[in-house]
Each structure stands twice: as C-alpha cells, then as structure tokens.
Amino acid sequence: MAVDIGVQTIDLKAAADLSAHQYGAVVVDSNGRAAKATAAGAFDGILYSKPDALDKIAQVSGTKGAVHKVLGGGTFATGDKLTSDTVGKFVKVTEGQRSALIALEAGASGSISSAYAPLREQGEEDTVVTQALTANAETITIGGERIMIDAGGTARTGTILGAGS
C-alpha cells in the first residue's frame with residue numbers, strides 16, 4: 001500500500017484539468033502553473049491534488065528526503081530508479097536517463113506506489129549506464145559522490161574520492 005512520509009506541498013494554479021493525474025509528474029510552465037510533464041526525465045514535482053479545471057489549486061511536492069506516492073507508467077520493481085515518461089507518469093530509468101526517485105515497492109502502469117526522493121543537490125541525480133563486461137551485465141550508477149556497481153546481482157557501493165584523497 002502506497003504511503004507518503006515527510007511530504008510538503010506548495011499551491012500552484014493548474015494549467016488544465018489534471019484531475020486524472022494525481023501523483024503524476026508535473027512541471028511549472030511559463031505562466032507559473034502546474035502542467036503535466038511531457039518530456040521524459042524532466043519534471044519539477046509530483047501532483048498531490050486533483051484540480052479539475054484551469055486555475056484550480058494544484059498541490060505540488062518536490063520534497064527531497066521524503067517518501068512520495070507516484071503514478072506508475074510501466075512495470076518497475078522495488079529498488080528500481082525512477083524517472084518521468086512523456087505522459088507524466090513514473091517509469092524505470094533506462095540507459096543514459098537521470099533518476100530522481102527510488103521505488104520502495106513494485107509498480108505497474110496506472111498503479112500508485114511509494115518512492116523515495118533522496119537528499120541531493122541540484123544536478124546530482126543518478127545517471128544509469130549499463131555495459132556488459134562479461135556474460136553478466138554490470139550496472140554502474142554514479143551520482144553525487146557515490147558509485148554503485150551491480151555485478152550480476154551482487155551490489156557493491158563506494159565513495160568517489162577527490163584528487164589527492
């Protein structure tokens with residue numbers, strides 16, 4: 001069952017009827033309104049209310065360090081990194097995409113699941129790169145000052161040290 005913990009919202013005006021988009025990805029448009037995110041991987045927050053017309057109040061959260069409810073746009077597993085798709089739903093990242101959330105439970109298209117928004121500075125989102133080095137595919141995730149390598153199911157983590165460390 002999806003939960004949210006530590007979520008704070010701000011009130012914006014809706015750019016359209018977003019009543020069917022609760023827990024979906026939104027952007028702040030050029031008029032300062034909340035609009036459904038339409039570019040893969042590009043969103044400003046998560047819609048928490050159901051505004052049913054232009055200029056109705058849209059409660060939007062972008063709280064880092066919180067657990068959010070998210071609207072699924074495809075199948076993903078617990079622990080998968082998530083991003084938004086071209087219809088403002090959340091999906092598992094693919095090669096080269098940036099991740100902003102981590103699934104805390106499995107999800108599917110149209111489902112509501114919980115996802116964690118890690119504490120990071122602007123621009124520190126993870127970028128997933130996959131490269132087959134052996135018969136097993138290794139996944140290397142680099143973000144901020146950490147690195148994670150999944151070597152065929154055995155996850156390893158470490159810290160990226162600066163020059164001279």
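Biologist: Which way do β7 and β10 pair, and over how many bridges?
Modeller: Strand β7 (residues 81-84) and strand β10 (residues 101-103) pair in the antiparallel sense over 2 bridges, where pairing requires that DSSP finds at least two bridges between two strands. Strands here are DSSP runs of E of at least two residues, numbered from the N terminus. This is a predicted model, in which local features need pLDDT of at least 70 and side-chain atom pairs count only at pLDDT 80 or more, while totals for chains, interfaces and linings use all residues. Residues are numbered from 1 along each chain as its sequence is written, and side-chain values use heavy atoms, with hydrogens and water left out.

Biologist: Which way do the β7 residues point, and are they buried or exposed?
Modeller: Lys 81 and Thr 83 point one way, Leu 82 and Ser 84 point the other way, and all are buried, meaning under 20% relative accessible area with a 1.4 Å probe and protein chains only. In a regular strand the side chains alternate between the two faces of the sheet.

Biologist: What about β8, how is it joined to β7?
Modeller: The two strands run antiparallel and are joined by 3 bridges, with Thr 83 having Val 91 in β8 as its bridge partner. Their hairpin has 5 residues between the strands, and Gly 88 takes a positive phi near 75° in it.

Biologist: Where do these strands sit in the sheet order?
Modeller: The order is β6-β11-β10-β7-β8, an open sheet of 5 strands with antiparallel pairing. The edge strands, β6 (67-71) and β8 (90-92), each pair on one side only. Neighbouring strands are turned by 50° against each other on average, direction ignored, using axes that are lines fitted to C-alpha atoms.

Biologist: Switching topic, what does β5 pair with?
Modeller: Strand β5 (residues 57-61) pairs with β1 (residues 10-13) in the antiparallel sense over 4 bridges, and it pairs likewise with β4 (residues 45-47) over 2 bridges. Leu 12 has Ala 58 as its bridge partner, and Leu 47 has Val 60.

Biologist: And which residues have the most contacts inside the largest nonpolar core?
Modeller: Those are Phe 43, Ile 46, Val 70, Leu 82, Phe 90 and Leu 101, in a core of 15 residues. β6 and β10 each supply at least two residues of this core. A second, separate core of 8 residues includes Val 26, Leu 47, Ala 58 and Val 60. A nonpolar core is a set of buried Ala, Val, Leu, Ile, Met, Phe, Trp, Tyr and Cys residues joined through side-chain atoms within 4.5 Å.

Conventions. Axes are lines fitted to C-alpha atoms, for helices over the stretch in contact, and angles run from 0 to 180 degrees between N-to-C directions. Buried means under 20% relative accessible area, exposed over 50%, partly exposed in between (1.4 Å probe, protein chains only).
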